[in-house]
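Here are my notes for a first look at this entry. Please read them with the structure open beside you.

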Amino acid sequence: MSDRYVYDLAEGRADMRALLGGKGAGVAEMRRIGVPVPDGFTVTTAACVAAMERGGSWPDGLWDEVVAHLDALEERTGRRLGARERPLLVSVRSGAVFSMPGMMDTILNLGISDDSVEGLAAESGNARFAWDSYRRFVQMYGEVVEGVPAHAFADELDALKARRGVAQDTDLDADDLRGLVATFRAVARQHTGEDLPTDPREQLRRSVDAVFASWGNPRAAVYRKANDIPDDLGTAVNVMQMVFGNKGATSATGVCFTRNPATGAKELYGEFLVDAQGEDVVAGIRTPRPLAEMETVLPDAFRELRATMDRLEQHYGDMQDIEFTVDDGALYLLQTRTGKRTAQAALRVARELVDEGVIDRDTALRRLDPAQLDQLLHPALDPGHGATPLTRGLNASPGAAVGRVVLDAETAAERGKAGEAVVLVRWETNPDDIAGVIAAQGVLTAHGGMTSHAAVVARGMGKPCVAGAGALRIDVEGRRVHVGDHVLTEDDTITLDGTTGDVYAGALPLVPPQVTDDFRAVLGWADDVRRLGVRANADTGEDAAKARELGAEGIGLCRTEHMFMAPDRLPVVREMILAETDAARTAALDRLLPMQQADFEEIFAAMSGLPVTIRLLDPPLHEFLPDLVEQSLLVQRLEDEVGDAGAPLHGTDAVFEGWAAAGGGGETTARLGRARRLLAQVRRLSEANPMLGTRGVRLALLHPQIAAMQVRAIARAALAVRAAGHDPRVEIMVPLVGFSEELRRMREVVDATMAEELGGVDAPLPYAVGTMIELPRAALVADRIAEHAEFFSFGTNDLTQTTLGISRDDAEGSFLTAYLEAGVVGTNPFATIDRDGVGELVHVGLERGRRARPGLHAGVCGEHGGDPASVALFDEIGLDYVSCSPYRVPIARLAAARSTLDRRDGARTTREA
Ligand code: PEP
Ligand code: MG
C-alpha cells in the first residue's frame, strides 16, 4: 500500500493502472514516451476507497497533498488558479481502473472566476472564448458538484438562443455569454439556496469530492454490474491543465480510433469539431466532421496526430481509442485506451497486428474474448437498422431471425417445411415442439429462462431465441399476440434479435454469419496452443457435419432420445411403451431398429475417423407420451360421445372391453378404448419427480430390450459405414449411473449384444463402453465405477441439478432469477459451472476415476462445455475434452487456448514471485 494519495503525471506509468486508473496511467505513459499531453496530477483510486470507507470524509492529509501538487503545477506552468494574470484552468476527470465510458463525472475549466475570465480574454485576445469557458464551467460545476438539474441550465441557454434567433451555441457572442454566466449563477442559487463558491481551491476540493461520489451513482453501479467490475475499486481523479479546443478556427477537439472498430480495417476513423470542447463531440449538439477533413483544416496538427496514433498503437500493441485537442494549432492528447470493437473487428485487428509483427500470436489470443465471437456464428441484424423494439426478453440464443408469427409447433413445422420463414411464438416450448423449432427461423417465448427448453434447444441448433418476454400475452384460441397496445396476428412478420433479446415488428435487414478467413486463422493459432480437446453434442448427421466443419474433434454426446421424438418415430415408440407382451414390445423395437441404424450411419459417416459417443436412452418414458391432463380430457370427450351410444361407462375397463368386443359402439368406441389404455399408461408412468425417477440406466435395467436394440443399431451402423470405406469410432455411454453395480450389469447387456452382432464379422470392431458422471454419488464412488467404465463424461447439467438440489426448469424465471438480481449467487450455475461445489465434484470424480484406471479418458458434455469460464476450470482440472453444441465449438477452441495461456502466465508469475 502506498503511503501517499497523489502523483504527478511525471511519476506515473502504464503499469500503475490499479492506482492511477486507466486514464491517469494512460496519460502518464504518453507523457513518459514523449507524446504531448497537458501537465497535471492524479488523485489515486486508493484515496477514493479510503474516502468511501470513511463514509465520504477524506483521509488525513489528502487535501494537503492535493494542495502541494497544485502548488507544484502552478510553479511548473507559471500560472495560478483564479489569477487575473496568466490564469491556470484545470479539468477534473474521473478515471477508473476499467473504463466506464460516460458513467462518472467531469468538470472542465475549473479556476475561471470573475478575475481570471478577464485575464483569459486578454491573453487569448478572444473574449467570446473566455466567457464561453466561464459559462461552461458554471454549468458543469452547478450540475455535477451542486446537483442543479441539467435542464435548468439548458432551458436558459435555449431561451437565450431563441431570443437571439440563432440555432448554434457558437452563434452567441461574448456579451450573450457574459449574461448567461450571471443567469446560470442565479439558477444555481435558486436551486441550492446559496451562491456558488468563488474560491477556485474550494471549488477544486468539492469537485474532487464529487468525482469520488460519482463512483456510487446509479448508472455507474448498473454499468459495473453488467460488466463484472467490482464495486470496491473506486475511481482515480485526474486534475490536468486545460487545453482549449474552443479558441476559434485554429483550435479543435476530436476522438479517433487507430483502426475501424466496426470492421477492423486499418483506415482513418474518427471525428472532430473546430472551435469546440470535448463534450461537444459526444453530446451531439453539433454534428462532428469526419477526421479526414482535418487534413485540410488543420494540416500540421493532423500530420502530428497521424504520427502519434501510429506511435501509440505500436507502443500498446493494440488498437487505440484516442481523445485529442488542438489548442491554437498545438496538438495535445487527452486520453488513449484500448478501443472497444466488434467481434469481426477484433479478429481482423488481431490477425493484422500479428502479420505486421506488432504482437505475437499468443498475445493476440489472450486479447480475444471467446464469448464475443458468438456474434459471428449466427445471422445478425444489420447494425444500421434504426428500428425501435416492440418488446424485449432474455437474449437466450444469439443471432437474428425474421419470419411470420406462428403460435403452435405443428403449424410451424408444416409451414416451415413448405419453405416459409416462420417464428415460433409460444408461452414456453416442450420436447413435443421440437419439429416446430427445427422448422422455424427462431423461437420467442413469453416464459422461461436462459436455459429453458426453448433456449437450450435453440442454442444447440444455433437458432436465435428470445425467451421469457414477459410482456407477450399469447391468445392461442384467438390466434393473436398482444404486446401492450400492439396486436400481432399470424399474418404478421416479426424480427428477433437473440443477441440483445429485442423483438421488432416487421422484417429487419440481416447480415449472414461470418466464418471469415480471419476467424479461421485465429482458430488455427488456438488449436496450436490448446491442450483440451473440443468435441460437439450432435444428434444428426447434418449437425455432426456442421460440427466437424467448425472444428469439432468428435462427438462427445449423441442424445438418442431426440431420434425417438421425430414424427415418424413417435407412434412406434409409443407402441413400444404401451406393449403389453414381450412379443409386442420386441415387434415395436424391431421397427425402430433400422431407423436408429440409419441415424447412426449418417453420424458415423460424418465423423469418420473421429470418436462418436452415443448415449443410450436417458429420459423417462412418459416424455414420449401425451400430457396427463390433455389425455384425461380426450378420454372424457370420447366418453361423452360414446355415452350417447349407451356404453357401460361406469363399469370397469373389463366390462367396457367386453361390451366393445361384443360389437358395442363403432369407430369412436375403438378410439376411446385406445385413449383409455394410453391414459392408464400415462398415469402408471407419471412420476412426482421425473428428473429423479425412472430414467437413464434405471430405465435401461428395467427394459434391457430397449438398450439392446440401440446397441444393435450402433453395431450394424458401424459395420455398414465401415463397409462403405469410413472409419467409425464407437463409444457407447450409459447415463445416470449412481452405483457401480448398475454399470456392471448394463455392460453385460451391451457386451452380450455386441458379441451377438459382431460374432460373424471378419475384422474386429473396437468399441468402448463408458458412463456419464452426473450424480454426486457417481463422482464420489468414481473409483468403483471406473472399474467398469473405459471413459467418463461429466454431465454437468444433471450434476448441477442434483448437487445443488435445484431443478433447472423450476428455478429459472423464479427464485434463481431473484437470487441473481439480489446477488445471492453471482452467476447462473447452469450457465457457468459452480466452481466450489459442482466443479469440486468433477475434480474429485476425475481423480478417483483415474486412481482406479490410470489415464482414464474423460470429458464434459453438459452445457458448461461451451462456456469459456467453465472451459478454463475443466482445463485446469485436467479433463481431456469438452463437448458443446456445434456452434459453440469455435468458442470452446479459443477458450481452451486462452486457458492454456493463462495457466502458463500464472506459472510464470508464481515462479517469478
Ligand atoms: C447432463 O446432464 O449434463 C447431460 C449432458 O445430459 P442431459 O442434459 O441430456 O440430461
Ligand atoms: Mg443428464
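1. Is R93 buried or exposed? R93 is buried, because its relative accessible area is 15%, and the cut-off for burial is under 20%. The residue sits in strand β5, which covers residues 90-96. Keep in mind throughout that this is a predicted model.

2. What does R93 touch, leaving aside residues up to four places away in sequence? The list is K23, D105, T106, L108, V211, A236, V237, N238, E323 and L334. I107 is worth a look as well. R93 and I107 are 14 residues apart in sequence, and their C-alpha atoms are 6.5 Å apart in space.

3. Now the whole chain. It has 913 residues, and 53% of them count as buried. The chain holds 36 helices and 33 strands. Its C-alpha atoms fill a box of roughly 115 × 70 × 50 Å along the principal axes. Take the contacts with a separation of 6 or more: residues 24 or more positions apart account for 68% of them.

4. Next, the metal site. Which protein residues are donors to the magnesium ion, ligand 2? They are E774, through OE, and D798, through OD, lying 2.1 Å from the ion. E774 belongs to the loop between β30 (767-773) and α29 (776-780), and D798 to helix α31 (residues 796-804), so the pair ties together parts that are 24 residues apart in sequence. Both E774 and D798 are buried.

5. Two packed helices are described by the angle between their axes and the distance between the axes. Start with helix α5 (residues 127-144) and helix α7 (residues 174-192). They pack at an angle of about 20 degrees, with their axes 8 Å apart. That makes α5 roughly parallel to α7, because angles under 35 degrees count as roughly parallel. The crossing of the two is left-handed.

6. Which residues make that contact? From α5 come A127, R128, W131, D132, Y134, R135, V138 and Q139. From α7 come A174, L177, R178, L180, V181, F184 and R185. By class, the contact of α5 with α7 has nine nonpolar residues, one polar and five charged.

7. α5 also packs on helix α6 (residues 150-164). Here the angle is about 155 degrees and the axes are 9 Å apart. α5 is therefore roughly antiparallel to α6, because the cut-off for that label is over 145 degrees. R135, V138, Q139, G142 and E143 of α5 meet A150, F153 and L157 of α6. The residues of this contact divide into four nonpolar, two polar and two charged.

8. The crossing is right-handed. On the α22 side, the contact residues are D582, R585, L589, L592, L593, Q596, Q597, F600, E601, F604 and A605. On the α27 side, they are Q705, I706, M709, Q710, R712, A713, I714, R716, A717, A718, A720 and V721. The residues of this contact divide into 14 nonpolar, four polar and five charged.

9. Phi of N109 is near 65 degrees, a positive value in a residue other than glycine. N109 lies in strand β6 (residues 106-110) and is buried, with a relative accessible area of 0%. Phi of L736 is near 60 degrees, again positive in a residue other than glycine. L736 is found in the loop between β29 (729-734) and α28 (740-758). It is buried, with a relative accessible area of 2%.

10. Last, D527. Where is D527 found? The residue is in helix α18 (residues 517-529). D527 counts as partly exposed, because its relative accessible area is 29%, and that label runs between the cut-offs of 20% and 50%. D527 and G393 are 134 residues apart in sequence, and their C-alpha atoms are 36 Å apart in space.

Notes. Residues numbered from 1 in each chain as written. Chains lettered and ligands numbered in written order. Predicted model: local features only at pLDDT ≥ 70, side-chain atom pairs only at ≥ 80, totals over all residues. Heavy atoms only, no water. Axes fitted to C-alpha atoms, helices over the stretch in contact; angles between N-to-C directions. Helix = DSSP H or I, 4+ residues; strand = E, 2+ residues; numbered from the N terminus. Parallel < 35°, antiparallel > 145°, perpendicular 65-115°, else oblique. Left-handed = near helix turned anticlockwise from the far one by under 90°. Contact = heavy atoms within 4.5 Å. Nonpolar A, V, L, I, M, F, W, Y, C, P; charged D, E, K, R; others polar. Donors = N, O, S within 2.8 Å, 3.2 Å for Na, K, Ca; no water. Buried < 20%, exposed > 50% of the residue type's maximum accessible area, 1.4 Å probe, protein only.
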